[in-house]
Amino acid sequence: MLDLSLLVFIALASVAIGCQVVLKHLWLTVPIGFLAIVVLRVATYAVTAFLAQLQVSFENLDLWLFIASVVAVSIPGLKNLPKQGWAILVSVGFVALAEFGSRVLGLFTKPHGDSLWILALAEYVSGGGSASVMGTSMSLKRGFSLILMLGLGEGKTRIDEFMPIIFGMLAIVTIGFGLHVMRGFSRRVLVIATAAVALTVFTAAMPWIAVFYVNGHTLVALGLTVVVATMLFGHELFASRGAQLFTVCLGLSVVTLTRPEGALLSLVVIALFANRKGSKPTDVLVSIATVFASFLTWMYVVNSYLLTGRVAWLLPLGMVLFVAGVWAIYRWVPKLINRLFALTPLILLTVFVGLQIVFFGALQKGDRSLFTNLFLGFGAWGFMLWGFLVITVLSFFLERQRIFGTLMRVLGTLVLTSFLAKMVDGGQFGAPTLGRVGWDDSLNRMWFHFIGLFIVTAVVGVAQVLTSKFVGFNFKPRSIDTVDLETPLAAGESK
Amino acid sequence: MIAQQGRVVKKFKLSKRLVALVVAALLIVSANLFLTKRTIPFQRLHGYQTAAEMIENKNWNWGLAFIVSLNQGEVTLDHLGNLENNGIFIPDELAQVTNLQLDAKVPPIVLSAEDSFALRQIAGTSATISKTRCLNRGYKYCEVDILTNDSVNDSPKRFVGVRLSANVFGLVEAQLLEKVIGQVN
């Protein structure tokens, strides 16, 4: 019963917190509130772990601190709740659906080693176990924030319903983001493009596996989709720049706290959007600082094996110096930093190609596995990438939507980042690797991080093919106002 | 062309290229449905299960600590040896989660084929089979047989690591093992 009450409380609090940031866009209100709740859970757990070191502790202290902090943060938004009927309906509706699926139908995660590890740690956390258990290399690989969310119960019970709830949040963000991007197209084109993409994506197994699959991928996907949507259309969706920055920081923090490669993905996203029109150096510095602070919080709370000896103080010092360095370059040579940010995809591509050449032999098996998983249907992704490939190739011969180019640049760079993250992970004990054949290969699962962005990009791609002369279906769409990521800003421009 | 609310909208016209695109999409959908290996995207549980119960059903590669804990409670495991060359490996965090005490200073005791046979022949001896990572980091997993005998000791507190064959290990209840090989340090 506590589980259900807690879930309903979180659903209402998500709306109350979300509507303080964005009022009119339900597809962002509820997920932003939920992301804030995840961050609050980590923050209050960190406080509990700190208090435990001071011998201040009582049963379920972390749970009560979490509830108190959520109430405190929700209070300013309570006045808006009566006007948020739809958001409340959606939010509580997710809880009802998740409860029905999990408790009534008994649907649960596909059994997998990482899931079992996460579930075991979640039980340990809800039973009041020490945070330091999560500081070993194998536990760090399973992430942090999701374990804490699942471990919100009391007395060694888990709240498994969070998985379908997170999936639901990701679904509404993707739908809202897609509709926003597609507003320049006619309804008919929107329906055809969406139907085509939905059919090719949802006839594959992976999106269905992700509904209940216990791992951080869905939460990372939610964070990334919210961040990218905010970076691209924040100027239209949010009332203030502060609200935009707050949302971006929330998303980046959740991405960083959820998976070991999260910090890298977050930093790359910051670099990709650092040059967008309207972005200020302070936005970039605050975003980087948020990622570093989130990462350090995780590492210190779990007493990470990474922070042994001198590293314990050298790492935070290095991070402070890095932020200071970025600030200094912004101050004195802004052109240089803008160029560096604009070159991020090229830099990552160069590193990736370099590693492919240096470790040609070692990577052959991984490269083959990658192709087998993504293009031959062994990775539970079906054959959807063939379709995406066709759309991408056609886009070179058509009048491209600017947003398509932007999204492709973001997707491509994040994919490269995942390759490098996997190489580092697999290379810990020898040569780098790009995984093995099967849906449960970690790189293969990492592609789920980009499912929201992939779907939106694919829908735009299909729509631009449909509206081109190529298919003789010539409805010229209105151009969509979005940010330009490809041209670095001149010194001083909009900064 | 049809004029609609001040907008000019062209009629839907099927070109060969549009048909080709639709066919391509349908081919992908059909391939997704009929050419890929069928994967059940989730499992169905009857009621809430603890992680240990799920781990036992799944025969998880890392499940040894949970299986021992689920069946024997909070016990001590010694003579585990090290992963690199002579023993089996239970991650510290999983031992902590399951309240097991580990002692990996000494390698597993190597039992002769006769002793292994004699151990299993003692009336009332039962074996629970699990597995864990063993004998180097090359992603190799070994079978681990957890041997107990209620008539010898019905409240076990200590299990001793043994090597039953080249890549089969055992965790044998200490008093049961002593019945076969004598005093165990």
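Reply: Strands pair if DSSP finds at least two bridges between them; helices (H or I, at least four residues) and strands (E, at least two) are DSSP runs numbered from the N terminus. This is a predicted model, in which local features need pLDDT of at least 70 and side-chain atom pairs count only at pLDDT 80 or more, while totals for chains, interfaces and linings use all residues. Residues are numbered from 1 along each chain as its sequence is written, and chains are lettered from A and ligands numbered from 1 in the order in which they are written.

Me: How many residues of chain B are in contact with chain A, and which element gives the most?

Reply: Two residues are in contact if their C-beta atoms, placed from the backbone, lie within 7 Å. Here 36 residues of chain B are in contact with 46 residues of chain A. On the chain B side, α1, β3 (43-44), α2 (51-58) and α4 (92-97) each supply at least two residues. The most comes from α1(B), with 10 residues. By class, this side of chain B has 19 nonpolar, 9 polar and 8 charged residues. Here Ala, Val, Leu, Ile, Met, Phe, Trp, Tyr, Cys and Pro count as nonpolar, Asp, Glu, Lys and Arg as charged, and the others, Gly among them, as polar.

Me: Which residues of α1(B) are buried, and what covers them?

Reply: An α-helix has 3.6 residues a turn, so residues three or four places apart point the same way. A residue is buried if 20 or more other C-beta atoms lie within 10 Å of its own, exposed if 12 or fewer, and partly exposed in between, with C-beta atoms placed from the backbone. In α1(B), the buried residues are Leu21(B), Ile28(B), Val29(B) and Asn32(B). They cover an arc of only 95° around the axis, which puts them on the same side of α1(B); the arc is that of the directions from the helix axis to the C-beta atoms. Their cover includes α9 (187-202), α19 (384-395) and α22 (451-466) of chain A. The face turned away from the buried side carries exposed residues, including Lys16(B), Val23(B) and Phe34(B).

Me: In what sense do β7 and β8 of chain B pair?

Reply: In a regular strand the side chains alternate between the two faces of the sheet. Strand β7 (residues 125-133) of chain B pairs with β8 (residues 141-149) of chain B in the antiparallel sense, over 9 bridges. By contrast, β8(B) and β10 (residues 168-173) of chain B run parallel and are joined by 5 bridges, with Val144(B) opposite Phe169(B) in β10(B).

Me: Is chain B as a whole compact or spread out?

Reply: Chain B has 6 helices and 10 strands. Its radius of gyration is 28 Å, well over the 16 Å that the globule rule gives for 185 residues, so chain B is more spread out than a compact globule. That radius is taken over C-alpha atoms, and the rule is 2.2 Å times the number of residues to the power 0.38. The C-alpha trace of chain B spans about 95 × 35 × 30 Å along its principal axes. Buried residues make up 33% of the 185 residues in chain B.
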